[in-house]
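Visitor: Please pick one part of this structure and give me a close look at it. Then tie it in to whatever sits around it.

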Amino acid sequence: MLRGSVVQGKERPAATAEQALYAMDRMIATAHFGQQDIARRLGLNVTDLTCLGFLMEAAMAGESLVAGDLAERARLTTGAVTGVLNRLEKAGYVRRQADPRDRRRVHVVVEESAQSRILEVYGPFYERLGVLFADYGPDEIAVLADWFTRARGLLDESLDEIRSPDANHSPTEQR
């Protein structure tokens, strides 16, 4: 019989790895459909919203991305990124700015209003997550952050395998 644990005076229900995997799968499915709803609300598609997230993340880190950088992060072709940037620019989220040292390079700059437009939609969810995280102690949050970081690395690794030219076989084929 599984027993829960008590951390910082809070009882945590017991769970198996299978139960955690199921809960993660349900959360990912909900997030996937939710991203479509959020993108639509912001006048974007999911790919454009994801790319905007990469651009905002870089801007907050003090980095300036060029189209090729974005293509690499988003795992898109440079041609596809050109379309993304055209749509993001038209929607008023970004602008292109020539590199003063190399006129052939164009940096993508996030418009100042973009963050407030995004937070208008994401803000209530982030507030709810803040309340949820407040229910966990620092050690538990460290475990969560470690797990999400490591799980993302495993997902990246799996996606590299799936996208490789050698992966052009049906799931039922034997290797």
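Guide: A patch here is built from residues with over 30% relative accessible area and no salt bridge, joining like charges within 9 Å and nonpolar side chains (Val, Leu, Ile, Met, Phe, Trp, Tyr) within 5 Å. Accessible areas come from the Shrake-Rupley method with a 1.4 Å probe, and for residues only the protein chains shown count as cover. A salt bridge puts a side-chain nitrogen of Lys or Arg within 4 Å of a carboxyl oxygen of Asp or Glu. Bear in mind that this is a predicted model: local features need pLDDT of at least 70, side-chain atom pairs count only at pLDDT 80 or more, and totals for chains, interfaces and linings use all residues. Residues are numbered from 1 along each chain as its sequence is written, and side-chain values use heavy atoms, with hydrogens and water left out.

Met27, Ile28, Trp147 and Phe148 make a nonpolar surface patch of about 430 Å². The elements giving two or more residues to that patch are α1 (17–41) and α6 (138–163); helices (H or I, at least four residues) and strands (E, at least two) are DSSP runs numbered from the N terminus. Ile28 belongs to helix α1 and is partly exposed, because its relative accessibility is 46% (buried is under 20% relative accessible area, exposed over 50%, partly exposed in between, with a 1.4 Å probe and protein chains only).

Now for the part I'd pick: strand β5. Four of its five residues are buried. Strands count as paired if DSSP finds at least two bridges between them. β5 runs antiparallel to β4 (residues 94–98), with five bridges, and antiparallel to β3 (residues 65–66), with two. Val108 in β5 is the bridge partner of Leu65 and also of Arg96. Arg96 also makes a salt bridge with Glu89, the closest N and O atoms being 2.6 Å apart.

Leaving out neighbours within four places in sequence, Tyr93 is in contact (heavy atoms within 4.5 Å) with residues including Val109, Val110, Leu52 and Leu88.

Elsewhere, charges do the joining. The structure holds 14 salt bridges. One of them joins Asp135 and Arg12 at 3.5 Å, N to O. Asp135 lies in the loop between α5 and α6 and Arg12 in strand β2 (residues 10–12), so the pair ties together parts 123 residues apart in sequence. Arg12 is buried, because its relative accessibility is 11%, whereas Asp135 is partly exposed at 27%. Both also sit in a salt-bridge network with Lys10 and Glu140.
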